[in-house]
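Student: Can we go through this protein together? I would like to start with the overall picture and then look at the rings.

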Amino acid sequence: MSSASPQSSSGAPSLEAAYAYCRRVALGHYENFPVGSLVLPRAVRPHVYAIYAFARAADDFADEGTTPAAQRLANLADWRCQLETCTVGRPTHPVFLALGHTIQTHDLPRQLFHDLLDAFELDVRRARHATFEDLLDYSRCSANPVGRLMLLLFGHRNPVWHEMSDAICTALQLTNFWQDVAVDLRQNRVYLPLDDMTQHGYSETDLHACRHTPAFVNLMSSLAARTEALFERGRPLCGLVPGRFGFELRLIWLGGMHILQALRRIEFNVFERRPTLDLRAKAALALGALRRATFSATTPPTTLQIPT
């Protein structure tokens, strides 16, 4: 982590300084931060920053490609140990001082943070995934805890809501995989399930050659359909969550669906183009997110007209 850790004369930062440190980490990586995060209530933001700073550091440990795998795993193990003790005594690392306070303030299950670390460790150990179910299991650790933690920060503990959140978060994770096929390949990571590739007659040799073939389009179409089904499974939650977080959730849902639709429009040719959200699209999504009724469980899906 690039920012210097704030230290008091006793060797530990003040709680205020620890949260300020997490805020700098989060806003310093704004491109990876949840869309629309600044619309969240001011009182909630420090806790979001603490969670993000924890995950950001762990992600950096896992992705330090020039560092031997054993050292990366050791760094993650140390991070896990600090997680275990962050609510005991006074941590000296600002991330854990802030995170320990956040965990205690909102009664957050520590297991959700361990799940995140499990995913980062898996990234070090495994660069291929055999089945679609393996990807779902990966997403259970890498993405779903974030949605659950956000719901808990707002006091939403309904298990049905958490299951719908899981569906949205998994769909977002999968969409990111399909969007970043070429990006991940440059790091020798393949998130396309190997058995699906075999079933559709598309080999890893084809993938490394960036061959955009009918077999690849069929493969990606199948994966996109399963991803959209997950988005639809979670869609009612966007109409149930009230207030600013509800708006943010709708914005995130629409953003994920927009990327999925954009992938279809280019016939999944991610070797030549990576679909993103430009300013016009973001404005259209914000307008769509204001229409809470669109996400009602009794309202049929809406095709939002977004500039291409």
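Tutor: What follows is a short chat about the fold and the aromatic rings.

Tutor: This is a predicted model, where local features need pLDDT of at least 70, side-chain atom pairs count only at pLDDT 80 or more, and totals for chains, interfaces and linings use all residues. Residues are numbered from 1 along each chain as its sequence is written, and side-chain values use heavy atoms, with hydrogens and water left out.

Student: How many helices and strands does the protein have?

Tutor: There are 15 helices and 0 strands; these are DSSP runs, helices being H or I with at least four residues and strands E with at least two, numbered from the N terminus.

Student: What share of the residues is buried?

Tutor: Of 308 residues, 52% count as buried (under 20% relative accessible area; exposed is over 50%, partly exposed in between, with a 1.4 Å probe and protein chains only).

Student: New topic: how many aromatic pairs are there?

Tutor: The structure holds 13. Rings of Phe, Tyr and Trp (its six-membered ring) pair if their centres lie within 6.5 Å; planes under 30 degrees apart are stacked, over 60 edge-to-face, and the rest tilted. One of the pairs is F154 with F245, stacked at 4.8 Å centre to centre and 5° between the planes.

Student: Where do F154 and F245 sit in the chain?

Tutor: F154 is in the loop between α7 (144-153) and α8 (159-179), and F245 is in helix α14 (residues 243-265), 91 residues apart.

Student: Is F245 buried or exposed?

Tutor: F245 is buried, at 6% relative accessible area, while F154 is partly exposed at 22%.

Student: Which rings form a cluster?

Tutor: Ring pairs link F54, F61, W79, F96 and F113.
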